[in-house]
Amino acid sequence: MALVPGTAGLLTVAALGIALLLLLIIKVRLQPFVALLAVSVAVGLGAGLSVTELFGTVQKSGAVPLVEAGMGGTLGHIAVIIGLGTMLGSVLEVSGGAEALSARLLALFGERRAPLAMGVTGVLFGIPVFFDVGIFVLAPIVYAAARRSGKSILLYALPLLAGLSMTHAFLPPHPGPVAAAGLLHVDLGWVILMGAAAGVPAVLAAWGYAAWIGRRVFVPVPADMAEAAEEAKRAVTAQSPVPGKPGEAGEPGERAAAPEGRAAPEKPVALGTLLAVIGTPLLLILLATFSSVAFAPSTARSVVEFFGHPFVALTIALLLAYWLLGLRRGWSRASLEAVSTASLKPVGNILLVVGAGGIFGAVLKGSGVAQALAGTFDGAGLPVIVLAWLLAVVLRVAQGSATVAIVTTAGIVAPLLSGSASSSSSQAHLALVIVAISAGSIFASHVNDGGFWMVAKYFGIPERETLKSWTVLESVLSVAGFAVAGALSVVIP
């Protein structure tokens, strides 16, 4: 039974649900997937839904329970995209693509503009790989650049981190924007376009702050981390993938040790190859998005839309990576399989959290809570895009996880968009709402965020200086990204 009748009761249920979610994650330390699932059930029951509406019955019926509809409807769209994107990023990482990319950019920009080169590396390499993987792979390059110059490591680390953070929050195939696109039913092409439109100015603003704080706060290169990175690099390069013809037999992970413990020579990855692998899916998806707007239905448009579907575009990019970065450079098919399989292991938690966010949104909509919220905010005159950013900021600062902030906010906002004056919004406008949610999800990373400690410990930055540098950098990214998205939403209905 509903706790309190009418709109006031539904709004009370929504407020109590969010408070309970924060309590379970922050104080009880419950796993976010379990917390979201428990809160979804509690909100549904509190709003007056029956057990049958939530979970269905033992006997088969035509009605799909809300828990199944929310989980299946969300993961049915994003699971394939996240899986393919994760495997693509892993092949780029293991093949040495990141090091090759940063080396070319450092040579192109020169030593004086090394911080800018690190920032561009973060943006380009951050498109296909997760934030933490980017730090792990690129940190040794930051150590080397800072050691050569004798300047603060912040001057080189922060531009890199800004690029990695922006792409991770704003651009597919990363889980946050993909999950929000699934919940709000927005084409990924529009999310890429609007994410880039807001993300590029945001990262430029963050680079400006990085240059300012990097000259005022000196943090030396952490000797122990630099030595450990060099040691790990030697250990990996000394056991490069088994050379041979494509399709040569070999056990997963089989390696060939170089003579006398020296690194086995492997030709660096060409910059054009890297850009082709990274850019192919983005280009195909964008072409498909614009073909549906610019061209009348035809066979040619159908072909473009087929190849530009995210499933197909990412599959093509992954196969390109397998060939150009793997088989053509001496990897065995077994090694490719091992790398791909290993990369999927961390994805399970992400998918479950995102799926639970889908359940939360379905329960809000099915119970009438979303409609009550929509009426309240429409009456108050608060634009949905502002509400989306504020909700994401509150959830991010309170519990630390950007993914939880995104899926929870999208679950709340999605029904509002369909039940308010924003229901006639274009795909481009809805993509800007996703950008606002993503921007809010990275605001003020502090001690309850795992990324805060990863940055502090990996780059040897004391906690106080991490708050001055990394926390403020994330806030600059968030505010600048939201400001651009908000400005664009005024002219894009």
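Okay, glutamate 463: this one is partly exposed, with a relative accessible area of 34%. For the cut-offs, buried is under 20% relative accessible area, exposed is over 50%, and partly exposed is in between, with a 1.4 Å probe and protein chains only. Before I go on, this is a predicted model, where local features need pLDDT of at least 70 and side-chain atom pairs count only at pLDDT 80 or more, while totals for chains, interfaces and linings use all residues. Residues are numbered from 1 along each chain as its sequence is written, and side-chain values use heavy atoms, with hydrogens and water left out.

So what does glutamate 463 meet in a salt bridge? The partner is lysine 457, at 3.3 Å from N to O. By salt bridge I mean a side-chain nitrogen of Lys or Arg within 4 Å of a carboxyl oxygen of Asp or Glu. The structure holds four of those.

Now over to arginine 396, which pairs with aspartate 449, the closest N and O atoms being 3.1 Å apart. Arginine 396 sits in helix 18 (residues 384-399) and aspartate 449 in the loop between helix 20 (427-440) and helix 21 (450-458), so this pair ties together parts that are 53 residues apart in sequence. When I say helix, that's a DSSP run of H or I with at least four residues, strands are E runs of at least two, and numbering goes from the N terminus.

Arginine 396 has another partner, glutamate 474, and there the closest N and O atoms are 3.7 Å apart. That bridge links distant parts of the chain too, with glutamate 474 in helix 22 (residues 463-491) and arginine 396 in helix 18, 78 residues apart. Are these residues buried or exposed? Arginine 396 and aspartate 449 are both buried, and glutamate 474 is buried as well, with a relative accessible area of 2%. Arginine 396 comes in at 4% relative accessibility, which is why it counts as buried. Through shared partners, the salt bridges join Arg396, Asp449 and Glu474 into one network.

Let me zoom out for a second. We have 22 helices and two strands. Of the 493 residues, 53% count as buried. If you take contacts with a separation of 6 or more, 78% of them are between residues 24 or more positions apart, where contact means heavy atoms within 4.5 Å. The protein exposes about 20700 Å², and carbon and sulfur atoms supply 67% of that; those areas come from the Shrake-Rupley method with a 1.4 Å probe, and for residues only the protein chains shown count as cover.

Next, the inside. The largest nonpolar core has 156 residues, and those with the most contacts inside it are Leu161, Phe170, Leu184, Val369, Phe459 and Leu473. Helix 10 (residues 188-214) gives the largest share of this core, 13 residues. A nonpolar core here is a set of buried Ala, Val, Leu, Ile, Met, Phe, Trp, Tyr and Cys residues joined through side-chain atoms within 4.5 Å.

Take phenylalanine 170. What does it touch, not counting residues up to four places away in sequence? The list includes Pro177, Val191, Gly195, Ala198, Val435, Ile442 and Leu477.

Just after helix 9, histidine 185 takes a positive phi of about 60°.

Serine 102 is in helix 5 (residues 97-109), and at 1% relative accessibility it counts as buried. Leaving out residues up to four places away in sequence, serine 102 touches Thr121 and Ile141.

Serine 343 is in helix 15 (residues 333-343), buried at 11% relative accessibility. Its C-alpha atom is separated by 5.9 Å from that of methionine 87, 256 residues apart along the chain. Setting aside neighbours within four places in sequence, serine 343 is in contact with Thr86, Met87 and Ser90.

Last, the surface. Leu20, Leu23 and Val28 make a nonpolar patch of about 230 Å². Patches are built from residues with over 30% relative accessible area and no salt bridge, joining like charges within 9 Å and nonpolar side chains (Val, Leu, Ile, Met, Phe, Trp, Tyr) within 5 Å. Leucine 23 is found in helix 1 (residues 6-26) and, at 42% relative accessibility, counts as partly exposed.
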